[in-house]
Every structure is written in C-alpha cells, then in structure tokens.
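Hi there,

Here is the structure I promised to pass on to you. Have a look at it first, and then read my notes below.

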Amino acid sequence: MNTTNHLTGLTDAQVLESRKRYGANILTPPAKEPLWKKFLEKFSDPLIIILLIAGALSIGISCYEYWCLGHGFGVFFEPIGIFIAILLATGLAFIFELKADKEFSLLNQVNDDEPVRVMRNGTTIEIPKKDVVVGDIVYLSTGDEVPADGTLIEAVTLTMDESTLTGEPSCHKTTNPDDFDPDATYHSNYVLRGTKVMEGHGIFKVDKVGDATENGKVFEEAQIDDSVKTPLNEQLDGLGDMITKASYAFAALIILGRCVMYYFDPNFTEVGGFLTVDFGAYLLQTIMIAVTLIVVAVPEGLPMAVTLSLAYSMRRMLKTNNLVRKMHACETMGATTVICTDKTGTLTQNQMQVAEANFYGDTPMPIIEEGIAVNSTATLDLSGSKPKALGNPTEGALLLWLNANGKNYEELKEAAPRIEELPFTTERKFMATIVKSAVTGKPMLYVKGAPEIVLGYCKQIAGGVTKEEIAKQLLAYQNQAMRTLGFAYQELDSVKGVIADGKLNANNLTFEGIVAISDPVRADVPDAVKECLDAGIQVKIVTGDTPATAREIGRQIGLITPTDTDECVITGPEFAALSDMQVRERVNDLKIIARARPTDKKRLVEALQANNQVVAVTGDGTNDAPALNAAHVGLSMGDGTSVAKEASDITIVDNSFSSIGRAVMWGRSLFQNIQRFILFQMTVNVAACFIVLAGAFMGTESPLTVTQMLWVNLIMDTFAAMALASLPPSESVMRDKPRDRNAFIISRPMWYSIIGVGGLFFFLLLGLLYIFEHSDITSLSQLVGLRLGEKNALTPYELSLFFTTFVFLQFWNMFNARAFMSGRSAFHFKDCTGFAIIALIILGGQILIVELGGQFFNVTPLRFMDWVWIIVWTSLVLWIGEAIRLFKK
C-alpha cells in the first residue's frame, strides 16, 4: 500500500456519514413484476377478453341445459373448451417470454464488486465498486471503468471512452481550464460512471454515486413505462370490436326475426299472444340460439394463432441473431417506419483502423515500423482469435496496422531500448520518444502527432513533397471524417538537451508522411441501410460525434446524398433549443443529430411517435436506454451495456445492422401469416354463423355439435395456426412500403375472400343440409339421380357426412390462405415442410375423429368411397383458388 502527503481521503467515520447521506453506489434495479402479475397481463389481449365473455355466456347456457332441461354433462364441453383455448394462448405467451427473459439474463449480468483503488485514512486501498461514496478520492489507470461521477484532481494524458453515454469513443480530459473543450458534451475536467480510461491516468474526487450519477439518471429514465401501444394490438383491438359488433348484430337479428315469426304463426292468437308461458319458453330458446351464435362467431383459435406465430418467430429470429425478449417486438418490427440508430459500434466497427498510410520518398520501412512501435503507449491483446487494441484507440490502430503487416510491435520495442520520452498532451498535440535504434545502432528521435504541429518542427520533407501538397491531402482526409497523424524522425549524435523542461529541441527532423485513421463502417451496413430505405423505412443517426464526422458516415452508408442540404443535420444544442412544435415539424426531414445527449434521442423518438410513426431504436450505450425504452421496438447490441439491454425489446447478438433488416423481414412476413390465419378462420366462422342463423329461421337445429365446432375452432385451427406460422419469411416483403398502422387488419382483398368463400361454403352446406333432410342418404353415390321426399330428421351417418364435408372445405381453404398475398402457387413447398407435415396431421386427425370419435363427437364411421368422394369434390376449393391465382398473374 502507498501513502501520499497531499491527499488523505475520507476517514471511516466520514465514509459512513457519506453513505448515510448520499446512499450506496448501486443503481436501483427496476422492480421485478411478480410472475402472477405477468401472467394476468396476458388476459388484457382484446381477443382474450372476447373469449372470456363468450365463455361466461356459454357457462350460463350449459348450466341451464344441465339443470333445467336435464341434458347430460356433455353440455359443459363448450365452455371447458373455450377456457382451455384461453389458458393455452395466455400460457404459451407467458412461457415463451419467461424463457426469453432467462436467456437475456445470461447476457446481462452486472458486477458491482469490481475492485476500485481509493484513498482512505491516508492510505491507498482497494474496495468494491458498490462501496465507493461521495467524497472518495479515486485513482484511475488505463483500462479502468469509472465507478462514479466526479471532478478530476489530476489528469496525465488522460483519454476517456465516453461512448456509453455520448457515443464519443475518445475524449481528452484535463484539469487545465485553458485546455477545456467548449464543444464537449461533458466538462473536460469531469469523469462519469460507466466510462472507460483509454489512456493515461488520473485522480478524481467523487461528487455523485449510484442513482444520482448521469449513468443512474439515464438508467432511471429508462425504467419509465411509456406504455406505447403496438400496431398489432391496435389492429387486433379493431378486429375484436368488429367481431363483437357483428356477433351482437346477428344475435339481435335472430331474436327479432324469431319474435316476428312467432307473431305471424297461425296459432299466435290461440296460444294467447306474447303474454304466455309458451312464448317465454320460445323466447328463452331464441336467446340460447343467439348466444350460441355469439360463441360460434368468436374465433377461439385466433389468440392461440397469434401467440404461436409470435412464439415461432421468436425462436426462429434467434437463429438470425435477434434475441427477442418481448413477443410483440417480432411483429412490430414489420410495421416500423423509422429506425433511429447510434453511430459508434452499430454503423461503425468501434475499432479505429488505419484507412491509408501515406509515407513519402525513400524513408526506410524499418525506420517507419520502429518509430510506430516505440513511440506509442497502446498495447495489443493477442490472446483471442482477433487482435484487440488496448489504450488509446488511435495509437492502437497503428499497432494493428503493424500486426496486419506481419510485424510484432513488442519485438520491435524490445530491440530499441527507450532512452527518453515526451508524453502526449492536449496542449502539446504530439509525443516524442528517443530510443537506441535497432536499425541504425544510434540514438533515434521519433515524433508523432497532429500533422501541422509535427510539420512545424521539421527541417525537410521526405520525397520532396511540398507543404501545399500535404495540406491538400489533410483536407481530403478531414472531409472523409478521418483522424490524421504526422510522423517525423531524426538520427541523433547526442541525446543531451533534445528533450528538456517538457519541450522538444530538434533541428533536423524529417517529415516522413501522414497516416489517416478512421472507425470504419461495418461492411454490411451500406447494403442493410439501402434495404431499409428501399422498404420505405427512414434511417436517422443520433451520435455524440461532430457534425462533420456524422455527415461523412451518413454519406458512406448511403444515407446522405448529394441533394441533401445542411437542414438534414442538426446538433444536440440546436435540437434542444427547438420547441416541441418545431421539432414535430422538422423531425421527418432530419437525418442526423450530432453532439447529441441521451435526452435528445428520446425526444426525437417521442416526436416521431407524435407524428404517427412506428419507431425502432438501436443502441449499445447507457445513453441509448431512455430512447430504447420509449420506442415501439428497442434494439440493443449484444456487447452493449447492461442498461441498454435491460431497456430493449430485442438484442442483436452479432451487433450487425443487417440483422435489423432481417428482423423487419420477419416482422412483415409474420403479419402476413397472421392475416392469412384470420382469412382462414373468419371464413370458417362466416360459414358456421350463417348455418346457425339459417337454422334458427328454418326451425332446424345446427347440424354441427359443440364438440365438432371445438375441433374446428380450437384443435384444427391451432394446427392451422402452426402451419401458417411455420411459413418462411419472404424477401419480397422488403420491396413493399410499411403498412398503415391505422388500417384495419382485414384488407379489402381479404374481405372479398372471406365473404365470397364463406358465403359459397354456406350455400353449399345449406344445400347439402336440405338434401339430407329430404332424403335418406347412406352413401354419397346416392346423390346421383336423387329424388327428394318429405322432411325428416338427420341420421348419424348424414351428420358425419356433413361434418366431414365442412372440415374438408376448410382444410383445402387453408392451402388457399397459405398462398394469399404470396404471388405463388399453393403447391410451392420449398422450405415449407412444416406446413406439409401439419396438413397431414389435420387430415389424419379428421379421419381418426370420424372413425373412432363415436358418441363424443356425434359421428359414425364413413365408407371408404365416401371419404374419397368428400376429399375429391371439396378439393375443388383449392383448384378454383389456383385457377384464380394463375389468372391474376
């Protein structure tokens, strides 16, 4: 342990007092919702609410039939089936999100026990990060993460990586007021929790800990639940309202129509009109029919279908490096109209690299390589599969360049012992090192720094290059938002006085050349951005970088075009100065916000949402957390901060912007799959409702029993949902514009299909029902040359034929639903083995139910040829659909 004279730190008593007054250095975690509450939240889905109402009505009818009419326990199968459907849909959603949360927690572990060096009681000791208090004197070294916010007491060539808070990977810190950067996001003598020391060392006094830090404020803001309603929820709300109103209208029509029929009955006057027991029984029966229709109209399988589609997409999207934590995010990505992204680490690699090395004349390469190796404070971590720079990122880029050229910087450094060094400072803007050169065997002075400063110390320029040519090169690099370094060397006869009193005294330096360094754009980003733009999605960059750098990155990724004016770029202070109304007016035209603070990104998101945009936000830093939480979909990076990941809905495991494009494709395809299922199930329900309605006016009981309808609406539809959800995403959806979030989920072509096909099924089934009632059918072959007779009750065999025909009409229509909006044939089975397998399961299930279901399903086994007849003639539904699709091409 070390002791110092001028710093003594806090005493033990002061530590206790400070902790009591200002709290511990821990970010208060968000209150975890209990599991029961998470489960109950699933019941707020609009379709689940409709099912609950339908289930309650069904229980009422079943109780009346069981206790008042003396029916068997089978009357309770329908309400039991409805509540099973509810529990399956809510349970699956709950289980899949719980599983995703567990996977996410492995990615997001936080360590508050990391050791921190502090001065206490006059002695330097190590304590856990969580024990740091306000007033502590903390020591910082290269590679350290700052444990709390505080003011610098000492800073020696101190460079911080503030990208987690501002997006800026390299910020120089100093205690000299003359060298403060007026454009810096945070004061030049202030360090912040969660930022990292890239180079140098320092000492600071803690001002704020835990939730009071800038990091803590951002974390707290990220916990605010903005309760943004997703487009899918809004559209399912609309569907729920429509189903409710339509079923109530049908029910009212049945009650009114049957009352009118009772009035016009010839026996109306004889039985005493409306004020009789007979009419009371008739009215009760009418109400029961109406309630039955409401229950039939409710698509019991739809919540399950949506849940299965989302759950299936969650699992499949993980294979494309999208870890989905919240189910709705799968689909909401497909509705996205704007993506707000940070720059560092998302669009760029967050690793400085040499873009161009421009050394002049015949300067020996060994001299250049030795100068880079010895005149550096950075190091390389070569332990992994890929070398990683440690320390100053700009100097690290030079060492990576050496390594890529097959040179070992450590060997070069060891071969040339260091004699003297003049470290880099923000005031000096260069560093100089004297070594005993392994190349010449003599003392050698190497200088590296800002090109214009280094050039000013030089007597000559290698290769006869002029200062004007160098200035032109520098301007070209700066226009590309690159950092530049100049290099010079001088062979010394004597080292005495060359470096003295913090100054460089050299009279024969040769300027070697310039190196341009940049944080390169990820290779896949330009194509990914183009894909988003072509899909009608706006992309906006929000970064802590300078406007020039941000604009250049925007140009490189294809976001900024030659026709764009300066109006599309704004700085954080300028953005903050705008009123809310001005922001809403300008926000659609903005492409870049530079020098942005965390609140700017969130305000941008909220303004876009106020303009009815569906917003996705990408980010990897703590500064991104409020915006990630406020957005419709928050996308954090796999190597981002724990705060960012906690606030997000999806974690991009491979940190690739192109994965976002794949998420959009999945989301759009998922919405189409949900629409396909709605098309399929609503067609079933339209046909079933009209059959119940017609039966009510014809005085005929529904030929479809409760258990049969449960098979169609719950089991068969669940398999159909799985089949349609398993359809692979189509790249063609990326050529479409984002859908209108205010549009009804059932499009006009869907309405035509639902009403047209559902109506056709109704008339076909009604005709079949009429034939069965007026004849005694024991085989479908009897339909040829059939003569109708008096009306009679349906036989179990006829009911089985009717039920099987109804199911196979829906079965073949599932293939039509699959091909809907795809532009392909229903027989296109590439990458669709799941659909084919499930179709076979449905087919086998129907055969088993009819052959073995017996009394439970009110069926009797069919003859083999009747199976063949039903399968063949109902398949006309598919062939007609294929013909229509072929004609439309």
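Ser658 touches Asp524 and Ala528, leaving aside residues up to four places away in sequence. In this predicted model, Ser658 belongs to helix H22, which covers residues 658-698. Is Ser658 buried or exposed? Its relative accessible area is 17%, and buried means under 20%, so Ser658 counts as buried.

Next, please find helix H25 (residues 796-819) and helix H28 (residues 876-888). Their axes come within 8 Å and cross at roughly 20°. Angles under 35 degrees count as roughly parallel, and H25 and H28 are therefore roughly parallel to each other. The crossing of H25 past H28 is right-handed.

Which residues meet there? From H25 come Leu809, Trp812, Asn813, Phe815, Asn816 and Ala819, and from H28 come Val877, Leu878, Gly881, Glu882 and Arg885. Sorted by type, the residues of this contact between H25 and H28 are six nonpolar, three polar and two charged.

Now for the whole chain. You can count 28 helices and 26 strands in it. The radius of gyration is 37 Å, well over the 29 Å that the globule rule gives for 889 residues, so the chain is more spread out than a compact globule. Along the principal axes, its C-alpha atoms fill a box of roughly 130 × 65 × 50 Å. Of the 889 residues, 53% count as buried. Among contacts with a separation of 6 or more, 73% are between residues 24 or more positions apart.

Happy exploring!

Methods: Residues are numbered from 1 along each chain as its sequence is written. This is a predicted model: local features need pLDDT of at least 70, side-chain atom pairs count only at pLDDT 80 or more; totals for chains, interfaces and linings use all residues. Side-chain values use heavy atoms; hydrogens and water are left out. Helices (H or I, at least four residues) and strands (E, at least two) are DSSP runs, numbered from the N terminus. Buried means under 20% relative accessible area, exposed over 50%, partly exposed in between (1.4 Å probe, protein chains only). Contact means heavy atoms within 4.5 Å. Axes are lines fitted to C-alpha atoms, for helices over the stretch in contact, and angles run from 0 to 180 degrees between N-to-C directions. Angles under 35 degrees count as roughly parallel, over 145 as roughly antiparallel, 65 to 115 as roughly perpendicular and the rest as oblique. A crossing is left-handed if the near helix is turned anticlockwise from the far one by less than a right angle, and right-handed if clockwise. Ala, Val, Leu, Ile, Met, Phe, Trp, Tyr, Cys and Pro count as nonpolar, Asp, Glu, Lys and Arg as charged, and the others, Gly among them, as polar. The radius of gyration is taken over C-alpha atoms; the globule rule is 2.2 Å times the number of residues to the power 0.38.
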